[in-house]
Amino acid sequence: MQWSPRAGETAALAVLGLGLALAVVFLDAAGRVLVGAGALLLLLATRDVLTRPRLTAGPDGVDVRRLTGGTHLPWAQLGVHVQEIRRLGVRGRTLELDTTSGPEDDDGVLIVLGRRDLGADPDEVARALRALDPTPG
């Protein structure tokens, strides 16, 4: 199974970022700074395309893609949790993938993915991952 940012959102970010980047040509210096900062949406869209699919689950574990490469998390060490936070009156959920400490003083790995990273509700992804987990318990 795979999860990625929704293609429609990525396309909308790319179009909006490109439009803002082109609008910089027609603005004064202060407007260029403000609109140019908004054009950073183009970088976010690029990240979405380059890290597709963001999360992949298979029989040997879970793979997470990042701009700096990928991380493989084997089922035997993987903990799947959904964290719910409230900030400024807004409720948000994140999927936390963490590994237990290994025998060689390894502190483990914690990867936090939100709804936008997954293109789906973190609760649904967590349920699907738990169903795929072949380890007992």
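**Helix 5 and onward**

Mentor: Start with helix 5, where Pro122, Val125, Ala126, Ala128 and Leu129 are buried. Buried means under 20% relative accessible area, exposed over 50%, partly exposed in between, with a 1.4 Å probe and protein chains only. Helices (H or I, at least four residues) and strands (E, at least two) are DSSP runs, numbered from the N terminus.

Trainee: How are they placed around the axis of helix 5?
Mentor: They cover an arc of only 165 degrees, which puts them on the same side of helix 5. The arc is that of the directions from the helix axis to the C-beta atoms.

Trainee: And which residues are exposed on the other side of helix 5?
Mentor: Arg127 and Ala131.

Trainee: Before I go on, what am I looking at?
Mentor: A predicted model: local features need pLDDT of at least 70, side-chain atom pairs count only at pLDDT 80 or more, and totals for chains, interfaces and linings use all residues. Residues are numbered from 1 along each chain as its sequence is written, and side-chain values use heavy atoms, with hydrogens and water left out.

Trainee: OK. What does helix 5 lie across?
Mentor: Helix 5 (residues 122–132) lies across strand 1, strand 2 and strand 3 (61–66). It runs at about 25 degrees to strand 2. Axes are lines fitted to C-alpha atoms, for helices over the stretch in contact, and angles run from 0 to 180 degrees between N-to-C directions. Contact means heavy atoms within 4.5 Å.

Trainee: What order do the strands of that sheet take?
Mentor: 1-2-3-4, in an open sheet of 4 strands with antiparallel pairing. Strand 1 (2–3) and strand 4 (69–74) each have a single partner strand, so one side of each has no neighbour in the sheet. Two strands pair if DSSP finds at least two bridges between them.

Trainee: How many bridges join strand 1 to strand 2?
Mentor: 2, and the two strands run antiparallel. Strand 2 covers residues 55–58. One partner pair is Gln2 with Thr56 of strand 2.

Trainee: And strand 2 to strand 3?
Mentor: 4 bridges, again antiparallel. Leu55 sits opposite Val64 of strand 3. The two strands make a hairpin, with 2 residues between them.

Trainee: Which residues of strand 2 are on its covered face?
Mentor: Leu55 and Ala57. Thr56 and Gly58 are on the uncovered face. In a regular strand the side chains alternate between the two faces of the sheet.

Trainee: Switching topic. Which residues have the most contacts inside the largest nonpolar core?
Mentor: Trp3, Leu55, Val62, Leu95, Leu97, Val125 and Leu129, in a core of 19 residues. Such a core is a set of buried Ala, Val, Leu, Ile, Met, Phe, Trp, Tyr and Cys residues joined through side-chain atoms within 4.5 Å.

Trainee: Which element gives the most to this core?
Mentor: Helix 5, with 4 residues. Strand 2, strand 3, strand 5, strand 6, strand 7 and helix 5 each supply at least two.

Trainee: What is Val62 in contact with?
Mentor: Neighbours within four places in sequence aside, its contacts include Leu55, Leu73, Trp75, Leu78, Leu97 and Leu129.

Trainee: And Arg54, buried or exposed?
Mentor: Buried, because its relative accessibility is 10%. Arg54 is in the loop between helix 3 and strand 2. Beyond its neighbours within four places in sequence, Arg54 contacts residues including Trp3, Arg47, Asp63 and Asp117.

Trainee: What about the other sheet?
Mentor: There, 3 strands form an open sheet in the order 5-6-7, with antiparallel pairing. Strand 5 (78–87) and strand 7 (110–114) are the edges, each pairing on one side only. The twist averages 25 degrees from one strand to the next.

Trainee: Where is Thr94?
Mentor: In strand 6. Thr94 stands opposite Gly114 of strand 7. It counts as buried, at 18% relative accessibility.

Trainee: Last one: which residues of helix 1 are buried?
Mentor: Thr10, Leu13 and Gly17. They fall within an arc of 60 degrees seen down the axis, so they line one face of helix 1. Ala7, Gly8, Val15 and Leu22 are exposed on the face turned away.

Trainee: What covers the buried ones?
Mentor: The cover includes helix 3 (41–50) and helix 4 (115–118).
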